[in-house]
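I wanted to read this structure slowly, one part at a time, and to write down what I looked up as I went. These are my entries, in the order in which I made them.

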Amino acid sequence: MLSFDFEYYRPDTIEEAAEIYKELKRMEKQPLYFSGGTEVVSMARKGVLKFNALIDLKNIKEMRDYVPNEEEIYFGANMTLNEVTEQESFLLLSRVVETIADHTVRNRITLGGNICGRLGYREAVLPFLLVDAEVCIAGAEGVKTLSMEAAFDKRLMLSSGEFVTGFKVKKSGSSLDGSSIRKVRTADVDYPLLQIAAMKDERGIKLAISGLCPYPFRSKALEQYLNDVEGSDWDIKGIYKLLPAAVKDDHIASSEYRKAVFEKSIEKLMRKWGEA
Amino acid sequence: MKCYKDFTQMILDVNGEKKKVIVSPKDTLLYVLREKLGFTGAKPGCENGDCGACTILLDGKPVKSCLILAVEVEGHSITTIEGLRDTPIQKAFIEESAFQCGYCTPGFIMNCHAMLNTHPDADDKIIREWLSSNLCRCTGYEEIEKAVKRAQNHINVV
């Protein structure tokens, strides 16, 4: 049982959800959108998250859909991570999300919930950052579609009252060869010290990273550096100045430890793809 | 649109029976099952989604009931350990002595039962992946894995 009272709303449509949010704000309440709920319930129990109204988005059909067609694939934001893992149209996304949390919890964590979560990992966004994906965002003005590159900067840039309804990727991008590297401290189920999602196309290696810095990112400067170096003639220490933030140093691992794990992982990627 | 502002009477489908219960939005499913409906098989452990002692099935899939609000599951099918009777995995746990203190056992059995329904021929990789959702502090993992394999044999013989 949580230690504070709140109201619970379960809308059936996107419009109802946006409308009730607006109405609750007008009444000076603190509404919060909610889907799988794993992070909301655990953070609320610890007292680090407060709200007095929850808007449960699970009943909204468009947000549960998975629609692969000839041109693109649509992933509803309410797909659970296990449902995402079962699809085979975007294998890199499957490989990345199948290692988040544990199998049972992945029956509840949703794609949208992981990407919009408060924890700084948001691993599911990494493959989307590599394939010029689009994100569908609903709000009081309706649903808009933005490129993920424009909408994601450390986190999804949502305005008050907005929520994510789904993600779209071009079929051509999603079918590229990909690689997922996840490093944890000891147990299989843990937050990542490092999660890399990487792809290679005719322009070279692309990679997006979580766990290393305080937020997930794709660094085109880093990609360019890796694609420009030849064979083993490169200085791995030189890549740190290309990161968007300092390497994390926390109770899970020191920055030196994370750097060592990162360097080994980049070397592995370069061995796989760098000389091709 | 459903809206619950305070204590509300609702009907939950638990182990195939309709149960009338009064819940508040802040009640977790684990709390309602144990404290209001008397299904004490699901255990409170970490209450943070880590240990798996509270695992139940929601529409046939294993979930951690400490991370779910009771108001979310109205209209869905809930199965607790009390809803299983003489299943292959229960028999196999006894035959392999796959428990010591027994506190984690209901959660393990619910998860194993769901896995065997989904993957009757689960290989070691699938077994490890599913069972990594549950912790046993008596470290009885080897016997639990043996129990899963014995249950697979029971199922395949039938």
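Entry 1: I began with what the buried residues of α1(A) pack against, and I found β1 (7-10), β2 (31-34), β3 (53-56), β6 (134-139), β7 (142-147) and β10 (163-170) of chain A. I note here that I am working with a predicted model. The buried residues themselves are Ile14(A), Ala17(A), Ala18(A), Ile20(A), Tyr21(A) and Leu24(A). Looking down the axis of α1(A), I saw that these buried residues fall within an arc of 165 degrees, so they line one face of the helix. I reminded myself that an α-helix has 3.6 residues a turn, so residues three or four places apart point the same way. On the face of α1(A) turned away from the buried side, I found the exposed residues Glu15(A) and Arg26(A).

I then checked the length of helix α1 of chain A, which has 13 residues (14-26): at 1.5 Å a residue it should span 18 Å, and its end C-alpha atoms are 19 Å apart, which agrees. After α1(A) comes Glu28(A), whose phi is positive, near 60 degrees.

**Entry 2: the nonpolar cores.** Which residues touch the most other members of the largest nonpolar core? Of its 51 residues, they are Phe75(A), Phe90(A), Leu111(A), Phe128(A), Met148(A), Phe163(A) and Phe167(A). The element that gives the most to this core is α1(A), with six residues. Apart from it I found another core, of 38 residues, and among them are Val40(A), Met43(A), Leu37(B) and Val63(B). My course notes put such groups in context: in soluble globular proteins, nonpolar side chains tend to be buried together.

I also looked up the contacts of Phe75(A), leaving out residues up to four places away in sequence, and they include Phe90(A), Leu93(A), Leu111(A), Phe128(A), Phe167(A) and Val169(A).

**Entry 3: domains and chains.** Chain A is divided into domain 1 (7-56), domain 2 (61-174) and domain 3 (178-272).

Between chain B and chain A, the buried area is about 2,900 Å², of which carbon and sulfur atoms give 55%. I noted that Met1(B), Lys26(B) and Leu67(B) supply 25% of the area that chain B buries against chain A, more than any other three residues. This contact takes 32 residues from chain B and 34 residues from chain A.

**Entry 4: a covered helix in chain B.** Helix α3 of chain B (residues 105-118) has 14 residues and reaches 20 Å from its first C-alpha to its last, close to the 20 Å expected at 1.5 Å a residue. How many of the residues of α3(B) are buried? I found 12 of its 14, and thus a helix that is mostly covered. Among the buried residues are Phe108(B), Ile109(B), Met110(B) and Leu116(B), but also Asn111(B) and His113(B). They pack against β4, β5 (61-64), β6 (77-79), α2 (88-95), α4 (124-131) and α5 (141-157) of chain B.

In helix α5 of chain B I looked up Gln152(B). Gln152(B) has a relative accessible area of 8%, so I recorded it as buried. Leaving aside neighbours within four places in sequence, Gln152(B) is in contact with Leu116(B), His119(B), Pro120(B), Asp121(B), Ala122(B) and Ile127(B).

**Entry 5: two positive phi values.** Most residues other than glycine have a negative phi. Ala101(A), although not a glycine, has a positive phi of about 50 degrees, and its place is in the loop between α4 (91-97) and α5 (111-116) of chain A. Its relative accessible area is 25%, so I recorded Ala101(A) as partly exposed.

Glu47(B) is not a glycine either, and has a positive phi of about 50 degrees. I found Glu47(B) in the loop between α1 (29-36) and β4 (55-58) of chain B, and with a relative accessible area of 29% it is partly exposed.

How values were computed: Residues are numbered from 1 along each chain as its sequence is written. Chains are lettered from A and ligands numbered from 1 in the order in which they are written. This is a predicted model: local features need pLDDT of at least 70, side-chain atom pairs count only at pLDDT 80 or more; totals for chains, interfaces and linings use all residues. Side-chain values use heavy atoms; hydrogens and water are left out. Helices (H or I, at least four residues) and strands (E, at least two) are DSSP runs, numbered from the N terminus. The expected span of a helix is 1.5 Å times one less than its number of residues. Buried means under 20% relative accessible area, exposed over 50%, partly exposed in between (1.4 Å probe, protein chains only). The arc is that of the directions from the helix axis to the C-beta atoms. Contact means heavy atoms within 4.5 Å. A nonpolar core is a set of buried Ala, Val, Leu, Ile, Met, Phe, Trp, Tyr and Cys residues joined through side-chain atoms within 4.5 Å. Domain bounds come from an automatic or database domain assignment. Buried area is the accessible area (1.4 Å probe) that two parts lose on being put together, summed over both.
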